[in-house]
Structures are given as structure tokens and as C-alpha cells.
Amino acid sequence: MAAFLQGRPRWRQTVGSVTEFAVLTLLTFIGLLAITFFIGRVIPIDPVLAVVGDRATTEQYEAARSAMGLDRPLIVQFGSYVTDVFRGDLGRSVTTNRSVAQDLAVVFPATLEMATLGILIGVGLGVPLGVWAAARQGQWVDQVIRVVALLGYSVPAFWLGLVGLAVFYAGLGWVAGPGRVDIFYDGLVPARTGLMLVDATLARDWEVLRNAVDHLILPAAILGFFALAYIARMTRSFMLDQLAQEYVTTARVKGVAEWRVIWVHAFRPIRVQLITVIGLSYAALLEGSVMIETVFSWPGIGNYLTQALLNADMNSVLGATLVIGAVFILINRLSDVLYRVLDPRSR
């Protein structure tokens, strides 16, 4: 496709690139639909029993199975599943007795808010620390940053969450406890976006905003610590490779200021690689925050998925899995677009 687009007018190249992006995204999403559907059929959980219960008669069981369409051929079920998904119908949750799409519209923004703040912390600290460690290779600063990164890989998320609550909430009282807001603030601001900080700001309710920040800062900081560990490590590795290049040595011989050598000559070429690292880290925070959400009683998609698994609620499990997979696809495709913007050689 890229070779075919060369030599054509710029507007046609743009249209072709957008079309390629849309087609590849659509095909990847359909592949995701197929994977989630067939995994849902091979998991040893009977969705019919989750609806009728284990005391239902054979007639009741078969009637429910027929009503759910599970007596039809597998390929027909898949076709209906794809059609329903593209219509926005993810089925009905056994746990909440509501539409899965409605449930996800409530729980996903909570995870999105926490993961977004977490990745901002991870990038804001991880990139400078990685650059600093590379610039001071072998010195004590480098050793300390490498130990911090190692702890981010080694410490279990649930343990760090419990320690954080014990120290900063129960001990020092610097942050609020579990949940998104205190119970007497719940429902005070209209849920326009589902993002508590945004909704409280739009409602100009600064007391709710402050309380939401108090609840959010600790779990987001813990997620940010795990993102920081990975981003700092990869940034250090990329920077060490660039600092060993001949053009960096030449710049230093010419007397270029060290900060300019590091942040302009060495850092600029690694931005493309960092985009991929940051994108993967962000996606990982969105889908890997189950432990943190459980510890902090955070009403996000990870907590929702865990409860759905425990209740054999397959519609909710497949819906949540599909949303997480779609986020991965979207972030990877956007990373690819940014990659092409920053690196003309890849266009």
C-alpha cells in the first residue's frame, strides 16, 4: 500500500493513508471480535446456568438456551454477535440486570481517569529519570534510578496499594480512602462525561473536585510508579545507544553545551521509540489495573470484569474484554500515526 501511494498527489496520499488506517483498524477489530467470541464459547462457564440457576428444570434450561440463541450453529451465533456489537448491543448483564454497554459507559471512565493520571505521572517522571540515568551512567544517580525501576517490576501491585493506604491514608491522613469520592459526595454532580474531575469542574463544585482528587491521587500515583519503572528503563536504554553514536561525540568535540547534546542531539531521535513505549504503558494501565481497583474499591472496568467472572456473567466478561482490546487497537494505531508524523522516513 505504501509503495502504491508513492508518486501520487499529496491529497490522494492522505486519503489513501486514512483509508488504509480505517481498513486495518476495522480488520483488527473484527479479528478481536472473533477471538473474544470463540474464547467465550470454550471457557468452562455455562452462561445459561448463570441466568436460570442450577435448580432449573431441563425444560427451563433448554428454553433459556434457545432464547439466548445458543442452540444455533456457531457461525450463525458469531454473525449475530458481530451485528449486535456494531449496533452497540453487548447483551444484558446478569449481575446488574442492566445493559452491558450502559455498565461499561459508567465504569470505563473511572479507569480511564485513573490510568490517564497514572501515565502522566509515569511519563513526567520516567522520561527525565531515564535521561538523567543515561547521562550519569555508572554513577550513584544511575544506580538509584535503576533500583527504583527494578522495584517497579518486582513489587506486587496489591501489596503496594495496601501499604500506601496504611501509610498515607490511615497513618498520615494525607489522602482519602477507598472509592472515587466520599459517600456523601456521591451523585452531587451530574455525570456528563463520567470523568469525576471533569464533571466536578464543569459543575463548578470545587469541594467535590478536591475530594475526588484526594481519592484519585494515591491509586494513580501507584499506577504511575509502575509506568515510571518501565518508561525510565526503556528511556535509559535508548539514550545510552544514542549517546554512544559518533554524531554525539562530534557535537561534544565542537563544544556544544552538554544539555543541548543530551536533550537535542541524543533525545530527539528516541522520541519515536518512546511513543511506542508510552502507548503500550498506557494501554497496560487501562487493562492491568485490576489489583489496584480491587484494593481501592475503585468502580472501574477491572473491578467490573472481576465481579463478572466471579458471577459467571459472560456478557459482561466479553463486553469488558472487547472494550479493553479495542483500546489496545486504538492506542497502537494512534502510536503508528504519531510514529509517521515524527519520523518522515516511515511515511
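Me: Starting with helix H8 (residues 157-171) and H10, what angle do their axes cross at, roughly?
Reply: The axes of H8 and H10 cross at roughly 140° and come within 10 Å of each other. Axes here are lines fitted to C-alpha atoms, for helices over the stretch in contact, and angles run from 0 to 180 degrees between N-to-C directions. Helices (H or I, at least four residues) and strands (E, at least two) are DSSP runs, numbered from the N terminus.

Me: What should I keep in mind about the model?
Reply: This is a predicted model, in which local features need pLDDT of at least 70 and side-chain atom pairs count only at pLDDT 80 or more, whereas totals for chains, interfaces and linings use all residues. Residues are numbered from 1 along each chain as its sequence is written, and side-chain values use heavy atoms, with hydrogens and water left out.

Me: Back to H8 and H10, what are they to each other in orientation?
Reply: They are oblique to each other, given that angles under 35 degrees count as roughly parallel, over 145 as roughly antiparallel, 65 to 115 as roughly perpendicular and the rest as oblique. H8 passes H10 in a right-handed crossing; a crossing is right-handed if the near helix is turned clockwise from the far one by less than a right angle, and left-handed if anticlockwise.

Me: Which residues in H8 and H10 meet?
Reply: From H8, Ala157, Leu160, Gly161, Gly164, Leu165 and Phe168 meet Leu218, Ile222, Phe225 and Phe226 of H10, where contact means heavy atoms within 4.5 Å. By class, that contact of H8 with H10 has eight nonpolar, two polar and no charged residues. Ala, Val, Leu, Ile, Met, Phe, Trp, Tyr, Cys and Pro count as nonpolar, Asp, Glu, Lys and Arg as charged, and the others, Gly among them, as polar.

Me: And H6 with H10, what angle there?
Reply: The axes of H6 (residues 100-135) and H10 (residues 206-243) cross at roughly 35° and come within 5 Å, and H6 passes H10 in a right-handed crossing. The contact of H6 with H10 has, by class, 26 nonpolar, six polar and two charged residues.

Me: What about H6 and H15, which residues meet there?
Reply: Val100, Asp103, Leu104, Val107, Phe108 and Thr111 in H6 meet Ile301, Gly302 and Tyr304 in H15. By class, this contact of H6 with H15 has six nonpolar, two polar and one charged residues. The axes of H6 and H15 come within 7 Å and cross at roughly 135°, which makes H6 oblique to H15.

Me: Switching to the whole protein, how many helices and strands are there?
Reply: The protein has 16 helices and zero strands. Of its 347 residues, 39% are buried, with buried meaning under 20% relative accessible area, exposed over 50% and partly exposed in between (1.4 Å probe, protein chains only). Among contacts with a separation of 6 or more, residues 24 or more positions apart account for 70%.

Me: Which residues touch the most other members of the largest nonpolar core?
Reply: Tyr81, Leu104, Met239 and Leu322 do so, in a core of 64 residues; a nonpolar core is a set of buried Ala, Val, Leu, Ile, Met, Phe, Trp, Tyr and Cys residues joined through side-chain atoms within 4.5 Å. Apart from that core lies another, of eight residues, including Val189, Met196, Ala200 and Val208. Leaving aside neighbours within four places in sequence, Met239 is in contact with Val131, Ala134, Ile262, Ala266, Phe267 and Ile270.

Me: Is His215 buried or exposed?
Reply: His215 counts as buried, because its relative accessibility is 2%, and its place is in helix H10. Not counting residues up to four places away in sequence, His215 touches Ala176, Gly177, Pro178, Gly179, Arg180, Val181, Asp182 and Trp298. His215 and Gly177 are 38 residues apart in sequence and 6.2 Å apart in space, C-alpha to C-alpha.

Me: And the loops, where is Arg204 found?
Reply: Arg204 is in the loop between helix H9 (196-202) and H10, and counts as exposed at 63% relative accessibility. Phi of Arg204 is near 55°, a positive value in a residue other than glycine.

Me: Where does Ser297 lie?
Reply: Ser297 lies in the loop between helix H14 (290-295) and helix H15 (301-310), with phi near 50°, a positive value in a residue other than glycine. Ser297 counts as partly exposed, because its relative accessibility is 44%.
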